[in-house]
Amino acid sequence: GGYTIRNVARCWTHETAVLLDTELPPDLPYNEYYEYFGPDFQLHPDTRTSVENQNTPEYLLQLRQHIEENLKQLQGAPGIQMQEIPPDFIMPPSADDLPESHEATLIRDRARDHPGEYYDGEHDNDH
C-alpha cells in the first residue's frame, strides 16, 4: 500500500537528494502540482495510520489457504534441464600447458573428425 503518485514523487525527490548529498527542507515548494501533496504539503508526511486493521487471523488464514490452492493449480514455467557439459565441449588445454609426452595426443585429438561428418558409398555428396 501507499504506492501513489504523490508518494512516488516524494520518494524520488528524497532519493535524488540522498544521491546528491543534499539536505532538503521538509516543506514542499509551491508548484503547479502543489495541491496533490495536501493536506500536509511535506516531503516526509506522517505515515502513521489511524485506520484499524480489521482483518481477523481466521480471515487471513482462509485467504492464504485459498491463494495456496490457486498456486498449486498453476503450471510451472518452462525451464531448461540442468545437465553435465559433454567432455568434448570442454576446451582442451593448450600444448604449452602439457608435458611433451601429451603434446602429440593433443594435436591428434584436435584433428579428430566426428564419424557423422562423412559418408561412404552412394550417400557421399562429394562425387
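Author: Let's start with a definition: a residue is buried under 20% relative accessible area, exposed over 50%, and partly exposed in between, using a 1.4 Å probe and protein chains only. This is a predicted model, where local features need pLDDT of at least 70, side-chain atom pairs count only at pLDDT 80 or more, and totals for chains, interfaces and linings use all residues. Residues are numbered from 1 along each chain as its sequence is written, and side-chain values use heavy atoms, leaving out hydrogens and water.

Reader: Thanks! What makes glutamate 69 partly exposed?

Author: Its relative accessible area is 42%. That value lies between 20% and 50%, so glutamate 69 is called partly exposed.

Reader: What makes lysine 72 and glutamate 69 a salt bridge?

Author: A salt bridge needs a side-chain nitrogen of Lys or Arg within 4 Å of a carboxyl oxygen of Asp or Glu. For lysine 72 and glutamate 69 the closest N and O atoms are 3.5 Å apart, so the pair passes. The two residues are 3 apart in helix H2, about one helical turn. Here a helix is a DSSP run of H or I with at least four residues, a strand is a run of E with at least two, and both are numbered from the N terminus.

Reader: How many salt bridges are there by this rule?

Author: The count comes to 3. One of them joins the side chains of arginine 64 and glutamate 68, at 3.0 Å from N to O. Both residues lie in helix H2, 4 residues apart, about one turn of the helix. Arginine 64 is exposed at 54%, while glutamate 68 is partly exposed at 34%.

Reader: Which residue does aspartate 40 meet in a salt bridge?

Author: Arginine 10 is the partner, with 3.1 Å from N to O. This pair links distant parts of the chain: aspartate 40 sits in the loop between H1 and H2, arginine 10 in helix H1, and they are 30 residues apart.

Reader: How do you know whether arginine 10 is buried or exposed?

Author: Its relative accessibility is 9%. Buried means under 20%, so arginine 10 counts as buried. Aspartate 40, at 27%, is partly exposed.

Reader: What does threonine 13 touch?

Author: Threonine 13 is found in helix H1 (residues 5-19). Not counting residues up to four places away in sequence, threonine 13 touches Leu24 and Leu43, where contact means heavy atoms within 4.5 Å. Threonine 13 and leucine 43 are 30 residues apart in sequence and 8.1 Å apart in space, C-alpha to C-alpha.

Reader: Which residues make up the largest nonpolar core?

Author: Leu28, Tyr34, Phe37, Phe41 and Leu43 do, 5 residues in all. The term means a set of buried Ala, Val, Leu, Ile, Met, Phe, Trp, Tyr and Cys residues joined through side-chain atoms within 4.5 Å. Leaving aside neighbours within four places in sequence, tyrosine 34 is in contact with Leu28, Pro29 and Phe41.

Reader: And the whole chain: how many helices and strands are there?

Author: There are 3 helices and 0 strands, and the pattern along the sequence is α-α-α. Of the 127 residues, 6% count as buried.
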